[in-house]
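Open the model in your viewer and keep the sequence panel beside it. This tour goes from one selection to the next and says what to look for at each stop.

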Amino acid sequence: MVAPQLQLTYFAIPGRAELIRLVLAYGHVAFDDIRLSFPEYFEKKGSLDLPFGQVPTLRVNDKVTYAQSLAIARYAAKLAGLYPADALMALEADAVVDAILELVNVVVDAVFKTKDETLRATKFEAINSEVFPRMLQQLEARVAGPYFTGAQITFADVYLLDFFLNTLANDSVTVSLAAYPKLQAIVDRTRALPQLQAYLSK
């Protein structure tokens, strides 16, 4: 099978594209990593192929452009060997990914969509005292082995690493994975993989 030619376009930040980048890096899947500054994006937006009016996008074989970050991530996971063949394991991995996305989205809402500083502080108080502890405990309970679904790593584990590096690192987030040893172990195990170390060291 001939490997597809992939061109991933997003901003020059981790954001919604970092899971895709990490997954492709894990699988040694070659891709053009197009990173645009915000001024570049708005300058070129009219000429970009944006199926849903936003990035990230993935152009495949220079023919069709696809959108929606998690749809792209699932496709990338299949190319990289990170999407379970077993339907129930795939369901579990997808459920974990969707749960992590909920955590990411509440921080995105507080940081980028809440202009009032008092309201933003109130939202982060709820994130740190209620939302994150509750959902992280639920995720901790889902861990079935060295990785979320058991013995085999999936893109859900890679998304947890992305969440650890780029969402928990927000200065307004005070929650740590120290209270969730199974989650921390997944992060440490995944981060130590040579291909991901190589990507993260760039």
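The lining of the largest pocket is made up of 22 nonpolar, seven polar and three charged residues. This is a predicted model, and in it the pocket has a volume of about 940 Å³. To centre your view, select Tyr10, Gly15, Arg16, Val108 and Phe112, which are the closest to the pocket centre among the 32 lining residues.

Now colour by element. Strand 1 (6-11), helix 1 (18-26), helix 2, helix 3, helix 4 (87-112) and helix 6 (155-166) each give two or more residues to this lining. Which element gives the most? Select helix 4: it gives the most, with six residues. If you colour by domain instead, you will find at least three lining residues from each of domain 1 (6-80) and domain 2 (87-194).

**Next stop: the second largest pocket**

Here the space is about 170 Å³. Select Arg21, Leu24, Ala25, His28, Val29, Phe31, Asp33, Arg35, Gln195, Ala198, Tyr199 and Lys202 to show its lining. By class, that lining holds six nonpolar, two polar and four charged residues. Helix 1, strand 2 (32-36) and helix 8 each supply at least two of its residues.

Stay with one of these lining residues, Gln195. Gln195 sits in helix 8 (residues 194-200). Is Gln195 buried or exposed? Gln195 counts as buried, because its relative accessibility is 17% and the cut-off for buried is under 20%. Show its side chain and look for the backbone oxygen of Tyr26, which the side chain reaches at 3.1 Å. Leaving aside residues up to four places away in sequence, Gln195 touches Ala25, Tyr26 and His28.

Go to the loop between helix 2 (38-44) and strand 3 (57-60), where you will find Pro56. The peptide bond from Val55 to Pro56 is cis, with omega near 10°.

Move along to Asp62, in the loop between strand 3 and strand 4 (64-67). Asp62 is not a glycine, yet its phi is positive, near 55°. Asp62 is exposed, with a relative accessible area of 58%.

Finally, select Gln68, in the loop between strand 4 and helix 3 (69-80). Gln68 also has a positive phi, of about 80°, although it is not a glycine. With 37% relative accessibility, Gln68 counts as partly exposed.

Definitions and conventions: Residues are numbered from 1 along each chain as its sequence is written. This is a predicted model: local features need pLDDT of at least 70, side-chain atom pairs count only at pLDDT 80 or more; totals for chains, interfaces and linings use all residues. Side-chain values use heavy atoms; hydrogens and water are left out. Helices (H or I, at least four residues) and strands (E, at least two) are DSSP runs, numbered from the N terminus. Buried means under 20% relative accessible area, exposed over 50%, partly exposed in between (1.4 Å probe, protein chains only). A polar contact is a pair of N or O atoms within 3.5 Å; within protein, one must be able to donate a hydrogen and the other to accept it, and residues adjacent in sequence count only if both atoms are side-chain atoms. Contact means heavy atoms within 4.5 Å. On a 1 Å grid over the protein atoms alone, a cavity is a set of points where a 1.4 Å probe fits but cannot get out, and a pocket is an open set with protein on both sides within 12 Å along at least five of seven lines; lining residues have an atom within 4 Å of a point. Grid points are joined across faces, edges and corners, and a volume is the space filled by probe spheres set on the points. Ala, Val, Leu, Ile, Met, Phe, Trp, Tyr, Cys and Pro count as nonpolar, Asp, Glu, Lys and Arg as charged, and the others, Gly among them, as polar. Domain bounds come from an automatic or database domain assignment.
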